Amino acid sequence: MNQAYDISHLLAGAMLVTSFALLYQDRIIAVLNVFAAQSITLALAVAWSAWSGDRPDLFITATIAFSLKGVVIPLALHRTVARLGIHREVEKVVGVGVALVVGLALTALSQALVIKVAQGTASYAREELALALAVILNGFLMMIVRRNAVTQIVGFMSMENGLILAATGARGMPLVVEVSVAFSVLIALFVFAVFVFRIRERFDTIDIEALDRMRGDRR
Amino acid sequence: MNRELLLQVLAQGTQMTLVLLVAPLAVGVVRTVKARLMRRQGPPLWQAYLDLVKLLRKESVLAESASWLFRSAPYVIFPLTWVAAALVPSFASGLLFNWAADVVALVALLGAARALLALAGMDVGTSFGGIGSSREMMIATLAEPAMMLIVLTLAFAAGTTRLAGVADFFVAEPLAVRVSLALALISLIIVALAENARIPVDNPATHLELTMVHEAMVLEYSGRHLALIEAASYLKLVLYISLLVCLFAPFGMAPAAAGIGGWLVGLVAWIAKILFGAACLGVWEVSIAKMRVFRLPDFVGVAFVFAFLAILLSFLARGVLA
């Protein structure tokens with residue numbers, strides 16, 4: 001039991017580290033690769049808890065996480081970036097230091113929160129939940145501090161990774177919900193992609209600030 | 001009883017001379033590995049010893065504007081670093097100085113040496129020295145908090161800040177995967193690279209370049225002063241490798257009660273580990289480019305973030321905040 005717990009803690013911690021890496025990276029290609037790494041870590045974490053907890057249905061979740069978010073979505077985003085011709089672009093973020101410090105604060109916050117809220121549960125479930133909440137909040141933060149539409153999509157997806165981690169740590173989602181969430185994420189990706197291309201067509205850039213400027217002109 | 005004490009003093013003395021003797025060799029290993037990987041012949045392995053001897057024999061040239069601080073700083077920096085290096089348990093954990101081998105004391109000793117060096121860098125009044133000092137301080141303000149957080153994480157796991165105690169704890173502990181310790185390890189490696197002016201942060205092989213940090217500070221030193229400063233920087237390298245080894249790979253280290261046989265085994269293991277660490281550093285330095293100075297806060301900041309995460313995770317594992 002202890003060994004099982006150690007390894008799941010390690011994998012969840014690795015996911016948190018990758019979500020900090022997402023905040024740190026400012027090259028789009030690197031962001032996509034880190035996101036793929038995060039998804040693969042998620043798949044490993046889920047598969048580990050399926051194996052150690054003897055819950056075979058979680059293997060399906062792990063397979064979905066690996067194939068969809070570890071391979072398909074990063075590849076699709078790579079192609080999008082290549083077609084938009086922004087693969088060499090360096091994005092100006094709020095400032096890496098500020099983003100990282102805010103991320104740390106969010107991590108501490110999620111920990112304090114989970115420990116207070118989930119007092120009755122087993123300690124390992126509580127820790128997994130705290131880490132998952134931190135990943136979710138960091139995904140939020142990434143969506144806030146990024147200005148490029150593609151990296152915002154990555155922020156959204158990494159938030160979803162955190163959700164799956166939380167669901168695994170708790171009692172687990174029912175499979176139907178799991179599958180439907182996976183597909184809605186895939187559909188969201190398509191919508192995002194269409195949206196990104198539309199933005200580009202209209203403004204010649206996918207910098208979200210262009211939208212702000214346009215609204216200013218109309219006023 | 002008396003014989004016991006004598007043996008203890010002897011062992012501690014051995015360690016102190018040992019770090020001093022191994023330090024130039026470790027630097028030589030780093031340089032040789034780098035040279036060979038670049039397909040150069042490189043200087044001989046013992047070049048650092050020859051450099052030190054040469055510098056010690058040369059006269060020391062002082063700038064006209066140099067004050068007493070500039071002249072006396074090397075004589076304080078070197079002992080401070082030497083004592084710090086001697087505090088880190090190398091081949092045995094039960095040595096005489098070990099009751100004082102507190103990580104916090106270690107950080108304080110190194111911090112004092114660094115502050116003196118920065119002051120000495122500004123003393124002569126050349127622009128290079130000032131640039132070097134200001135950059136060194138910028139790196140230090142980020143690396144030192146990270147170091148303290150790492151110390152806290154380890155102290156939290158082992159229940160003590162004494163290095164020997166921490167090492168004993170990890171030797172006794174069954175092998176387990178711990179996220180917080182892994183993060184602390186990465187963070188400590190980054191801090192070690194930054195503190196030793198190694199490649200992503202500073203290039204130790206440069207001379208007279210606008211981006212240099214450590215070399216810029218010591219630019220005005222010559223002769224025996226420079227020899228002392230160089231020896232101190234060699235010692236610092238060994239200190240950090242030794243610290244990493246002692247905290248994260250302490251196997252082979254002799255426990256407190258081991259006799260001379262145990263010490264010998266520990267000695268061989270320690271020297272092998274130090275040289276291996278130096279070789280790893282050489283490979284790392286060849287495979288990565290130096291960062292721009294303005295990106296350094298990001299890089300060293302990562303050490304801080306990892307250390308903070310480490311301590312948060314170890315809190316979480318213990319359920320402290322509950």
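These legends accompany close-up views of a predicted model.

**View 1. Chain A is built from helices, with zero strands.**
Chain A holds eight helices. Read from the N terminus, its elements run α-α-α-α-α-α-α-α. Chain A has 219 residues, and 43% of them count as buried. Take the contacts in chain A between residues at least 6 apart in sequence: 73% of these join residues at least 24 apart.

**View 2. Helix 3 and helix 6 of chain A pack against each other.**
Two packed helices are described by the angle between their axes and the distance between the axes. Helix 3 of chain A spans residues 57–84, and helix 6 of chain A spans residues 149–169. Their axes come within 12 Å and cross at roughly 175 degrees. Angles over 145 degrees count as roughly antiparallel, so helix 3 of chain A is roughly antiparallel to helix 6 of chain A. Helix 3 of chain A contributes A:L58, A:T61, A:A65, A:K69, A:I73, A:L77, A:T80 and A:V81. From helix 6 of chain A come A:V150, A:I153, A:M157, A:N161, A:I164 and A:T168. By class, the residues of this contact are nine nonpolar, four polar and one charged.

**View 3. Helix 7 and helix 9 of chain B meet.**
Helix 7 of chain B covers residues 179–195, and helix 9 of chain B covers residues 223–248. The two axes come within 10 Å, with a crossing angle of roughly 175 degrees. Helix 7 of chain B and helix 9 of chain B are therefore roughly antiparallel. On helix 7 of chain B, the contact residues are B:L185, B:L188, B:I189, B:A192 and B:E195. Facing them on helix 9 of chain B are B:K236, B:Y240, B:L244 and B:F248. The contact has seven nonpolar residues, two charged residues and no polar ones.

**View 4. Helix 10 of chain B has 27 residues.**
This helix runs over residues 260–286. From its first C-alpha to its last, helix 10 of chain B reaches 39 Å, close to the 39 Å expected at 1.5 Å a residue. Its buried residues are B:W263, B:G266, B:L267, B:W270, B:K273, B:I274, B:G277, B:A278, B:L281 and B:E285. Helix 1 (2–37) and helix 9 of chain B are among the elements that cover them.

**View 5. Chain B touches chain A.**
The contact takes 17 residues from chain B and 20 residues from chain A. On the chain B side, the largest share comes from helix 11 of chain B (residues 296–318), with 11 residues. The chain B side divides into 14 nonpolar, two polar and one charged.

Note on methods. Residues numbered from 1 in each chain as written. Chains lettered and ligands numbered in written order. Predicted model: local features only at pLDDT ≥ 70, side-chain atom pairs only at ≥ 80, totals over all residues. Helix = DSSP H or I, 4+ residues; strand = E, 2+ residues; numbered from the N terminus. Buried ≥ 20, exposed ≤ 12 C-beta atoms within 10 Å, placed from the backbone. Contact = placed C-beta atoms within 7 Å. Axes fitted to C-alpha atoms, helices over the stretch in contact; angles between N-to-C directions. Parallel < 35°, antiparallel > 145°, perpendicular 65-115°, else oblique. Nonpolar A, V, L, I, M, F, W, Y, C, P; charged D, E, K, R; others polar. Expected span 1.5 Å × (residues − 1).
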